[in-house]
Amino acid sequence: MWDAKGQLRDQVVNDLISFMSQRQTDGKAELKEIEAIILKSKNQNLMPQMAETFYLAGNREAGGYILSHINKKKPSLYNEIRLLEESYGFRKWDDVENYLNVLARRTPKDLPTSQEEKDEALKIHRRLIVQLDAESDTNADRANDLKRSIEIYLTLYPVDEMKTKMQEGWLKVEKDDNVK
């Protein structure tokens with residue numbers, strides 16, 4: 001894995017991460033292994049690379065675990081919206097609540113600076129709202145999650161072509177006429 005000068009061989013570590021992503025795993029052991037490599041190599045890009053590789057391999061549980069670890073070290077709106085969607089997908093309602101609380105403190109200045117990540121965060125947020133809308137139709141307990149997601153969306157994207165639709169969606173699930 002290391003050359004004669006003690007430098008990390010990129011292709012070898014790429015292969016290692018790729019092989020790890022093919023395992024049926026929760027990602028915990030693999031994270032410890034890559035952290036040791038990061039410590040020696042000082043290459044901080046390996047952990048995000050590992051999370052993405054696990055996602056690409058279809059191991060969302062391990063990818064989410066690694067992404068959560070990254071976000072704990074360096075919180076970002078982009079990671080948090082991704083983790084919110086993953087938590088919803090796994091029906092981890094406590095995690096959904098946690099990420100909604102975290103995102104509720106975000107403002108437009110917290111949006112990613114990279115246009116690619118900014119566009120992706122917007123797509124994820126819209127997709128999540130559609131999913132929560134369908135969920136709230138069959139499970140009234142999720143209506144509050146939908147409303148909160150819409151409120152966060154409107155806070156982050158106050159001038160957006162979907163603003164009116166989002167407001168209509170919020171009004172649809174709000175049952176209290178005094179709140180409307």
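Predicted model: local features only at pLDDT ≥ 70, side-chain atom pairs only at ≥ 80, totals over all residues.
**Entry on the length of H2.** I checked helix H2, residues 28-41, against the span its 14 residues should have at 1.5 Å a residue, which is 20 Å, and its end C-alpha atoms are 20 Å apart, in agreement with that expectation.

I then listed the buried residues of H2 and noted Glu30, Leu31, Ile34, Ile37 and Ile38. Seen down the axis of H2, these buried residues fall within an arc of 125°, so they line one face of the helix. On the face turned away from that buried side I found the exposed residues Ala29, Lys32, Leu39 and Lys40. When I asked what the buried residues of H2 pack against, I found H1, helix H3 (46-56) and helix H4 (60-73).

**Entry on Ser21.** Is Ser21 buried or exposed? I noted a relative accessible area of 4%, which is under the 20% cut-off, so Ser21 counts as buried. A polar atom of the Ser21 side chain lies 2.7 Å from the backbone oxygen of Ser18. Leaving aside the neighbours of Ser21 within four places in sequence, I recorded that Ser21 is in contact with Thr53, Phe54, Ala57 and Asn59.

Conventions
Residues numbered from 1 in each chain as written. Heavy atoms only, no water. Buried < 20%, exposed > 50% of the residue type's maximum accessible area, 1.4 Å probe, protein only. Polar contact = N/O pair within 3.5 Å; in protein donor to acceptor, adjacent residues only side chain to side chain. Contact = heavy atoms within 4.5 Å. Helix = DSSP H or I, 4+ residues; strand = E, 2+ residues; numbered from the N terminus. Expected span 1.5 Å × (residues − 1). Arc of directions from axis to C-beta.
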